[in-house]
Amino acid sequence: MLWDWMRTTDHLKIGIMYLVASFAFFLRGGLDAMFVRLQLAFPNAEFWVFQGEKYNQMITTHGTTMIFFVATPLLIGLMNVAVPLQIGARDLAFPFLNSLSFWLFICGGVLINISYLLGGSPEAGWTSYSPLAIGGYSNNTGNNFYALGLQVAGIGTIITAINFIVTIVKMRAPGMTYMRMPLFTWGSLVAVVLILLAFPALGAAVLLLMFDNIFAAEFFAGGSGNPLLWQHLFWIFGHPEVYIIVLPVFGLFSDIISTFSKKPVFGYLSMVIALVLITFLSFMVWVHHMFTVGYGATVNAIFAISTMLIAVPTGIKVFNWLFTMRGGRLLFPTAMLFSVGFIPTFVIGGVTGVMVAMAAADYQYHDSYFVVGHFHYVMVGGTIMGAFAGIYYWMPKMFGFLLNEKLGKIHFWTFLIGFHLTFFPMHFMGLNGMPRRVYTYLPEDGLFGLNFVSTIGAFIMAASVLLFLYNIWYSYKTQSRDVGDDPWNGRTLEWAIPSPAPSHRWKRLPVIPHKEPLWQAKKAGRTGLEYAEYEERHLEEYSSILPVLISGALFIASFGFVFEVFFIAAAGLVLTFGLMIYRSLTFDKNVEWSGKDPEEENGKGGSNHG
């Protein structure tokens, strides 16, 4: 069983593995957050593990894990589960690369997290600002783990982007034009385009950081180098990253709200235009993270205006969701509750974002807990609530049963209440002068009450997450496996195939004559879709252990670079390239052709309405 899952190239299994691994990292990063809140619950606290350097390592690992190994891969996991089903594709365009992407993500995450046991974690913050991240200023080994871990995982993420772009552009079912794609697929498409454009900047930055630390190259050092170069490279990646993880969520909530309002999405075209505009504008705002570095009023004004401008297409979607629900026959299962709860949560994050976009005011907000509150409203309110909604919604397609709705609703309300109790007071902490990244404060600072409420909220959130895990176990033991193909009476293509989705999803590809072909078939009284008359010729790829081996070889090379044992690094790189060459030479033995050309069918077959 484990051997089969390690070798699989099936998009659904890989999506499930992404979700499981991301959730494991979520628990790891959440444990860090609980320790941070315990430390800050009382003034002058002296909880032993958090003093000074260890506290810096804790918050760095928390932020790095949550951004790079929870938020992004959670959404990639949902994309793996649903996108091929929504567009009528049999798998992703490159199944082998899909498996390789996952194992590179695992190796990068392990590199970051074993650093605590091998000389100390990185301690320069999740943004790893220079010169703090350069040897002589902080723990050199830990920051090497940071640079190599993100490099390995980032390569996998870029491969994923290429894979999804090719899949969505080239492998849609017959008749599925761009304007007939579900909005989750649209959100996924623009997100992977952002990945392809933004992640190379991060890759270049961490590569140069590695050269600074290992070979004393001084790209970012304050002597011959420029510390602001790191900030530019990081935030050229960093701000699009916010939209990389929230754009698929926008599409997901659109599909869920449409399903449980029993209506098409209001203003489909405007939603698509808004997604594309956000993709374009997200690369024009990165300097709003750098208002205080001294570039002057002109530069600050340009980026302040572009930051406020991006709020316009973001606001369009909020009104579209509200108008979709208006007049609909609303149902409120747990997935819908998370979708509706997201709307005011994200609006709060957006409003505080516009506040931070005002350069003069940002001089006060900058590096305060106000920014921490804003950031978590956007990231946790978007990504984590979106992931919960997607798991409740697509659980039948993954495992063939529904999660318990009573436990699900308790999970939603405890998470929502805990979330707002945790992060809303942080805005007032910042306005009252509390800096971020501090491990203590004085009683006379007047911050105890706000911090204590925030810590209570964090424990409520933690209990909510544990309840979610219990719900999965309880539902696995008790819920019926006879939920049918379409338990939600859905509108998109994935609900036309059995639950759980079988290995061979489409014997013949569905024909898409409408924006919502499944819904149109239901209205017409048909029991299924119309299918192509023949099974077109296509490649199918066997399972392979090579992605695990290639990722392991890169892990060995990274380990050698971290500790500057270059013969180990060289051996790992040689092994990596050797395995890649072997893959190229044996490619034909790992694939087979299925289906026939239309001429070979000789008029056989026909439309299938079952």
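**Ground rules**

I number residues from 1 along each chain as its sequence is written. Because the model is predicted, local features need pLDDT of at least 70 and side-chain atom pairs count only at pLDDT 80 or more, while totals for chains, interfaces and linings use all residues; side-chain values use heavy atoms, with hydrogens and water left out.

**Confidence**

I looked up pLDDT, the predictor's confidence in each residue, from 0 to 100. The chain has a mean of 91, and 96% of its residues reach 70 or more. Among the elements, I found the highest mean, 97, in helix H14 (residues 405–431). The lowest mean, 51, belongs to helix H19 (residues 598–601). Over residues 601–610 the pLDDT is below 50. That stretch still has 23 contacts in the model beyond near neighbours in sequence. Contact means heavy atoms within 4.5 Å.

**Elements and overall size**

I read 19 helices and 2 strands in the chain. Both are DSSP runs, numbered from the N terminus: helices are H or I with at least four residues, strands E with at least two. The C-alpha atoms fill a box of roughly 80 × 60 × 50 Å along the principal axes. I then checked the radius of gyration, taken over C-alpha atoms, against the globule rule of 2.2 Å times the number of residues to the power 0.38. For 610 residues a compact globule would have a value near 25 Å; the chain has 24 Å, which agrees.

**H10 and H11**

Next, the helix pairs. Axes are lines fitted to C-alpha atoms, for helices over the stretch in contact, and angles run from 0 to 180 degrees between N-to-C directions. H10 (residues 311–325) packs on H11 (residues 334–357) at about 155 degrees, with the axes 11 Å apart. That makes H10 roughly antiparallel to H11. Here angles under 35 degrees count as roughly parallel, over 145 as roughly antiparallel, 65 to 115 as roughly perpendicular and the rest as oblique. The crossing of H10 and H11 is left-handed. A crossing is left-handed if the near helix is turned anticlockwise from the far one by less than a right angle, and right-handed if clockwise. H10 contributes residues including Trp321 and Leu322, and H11 residues including Phe342 and Phe346. Ala, Val, Leu, Ile, Met, Phe, Trp, Tyr, Cys and Pro count as nonpolar, Asp, Glu, Lys and Arg as charged, and the others, Gly among them, as polar.

**H7 and H10**

The axes of H7 (residues 227–261) and H10 come within 9 Å and cross at roughly 15 degrees. That makes H7 roughly parallel to H10. This crossing is left-handed. Among the contact residues are Phe250, Ser254 and Ser258 of H7, with Lys317 and Trp321 of H10. The contact divides into 5 nonpolar, 5 polar and 1 charged.

**H2 and H13**

H2 (residues 11–40) and H13 (residues 369–399) pack at about 145 degrees, axes 12 Å apart. I note a left-handed crossing for H2 and H13. H2 supplies residues including Phe23, Phe26 and Arg37; H13 supplies Phe388 and Lys397, among others.

**Backbone details**

I found a cis peptide bond from Ser130 to Pro131, omega near 5 degrees. Pro131 lies in the loop between H4 (95–114) and H5 (140–170). The bond from Ser499 to Pro500 is cis, with omega near -5 degrees. Pro500 sits in the loop between H15 (448–478) and H16 (517–523). Asp367 is not a glycine, yet its phi is positive, about 55 degrees. I place Asp367 in the loop between H12 (359–365) and H13.
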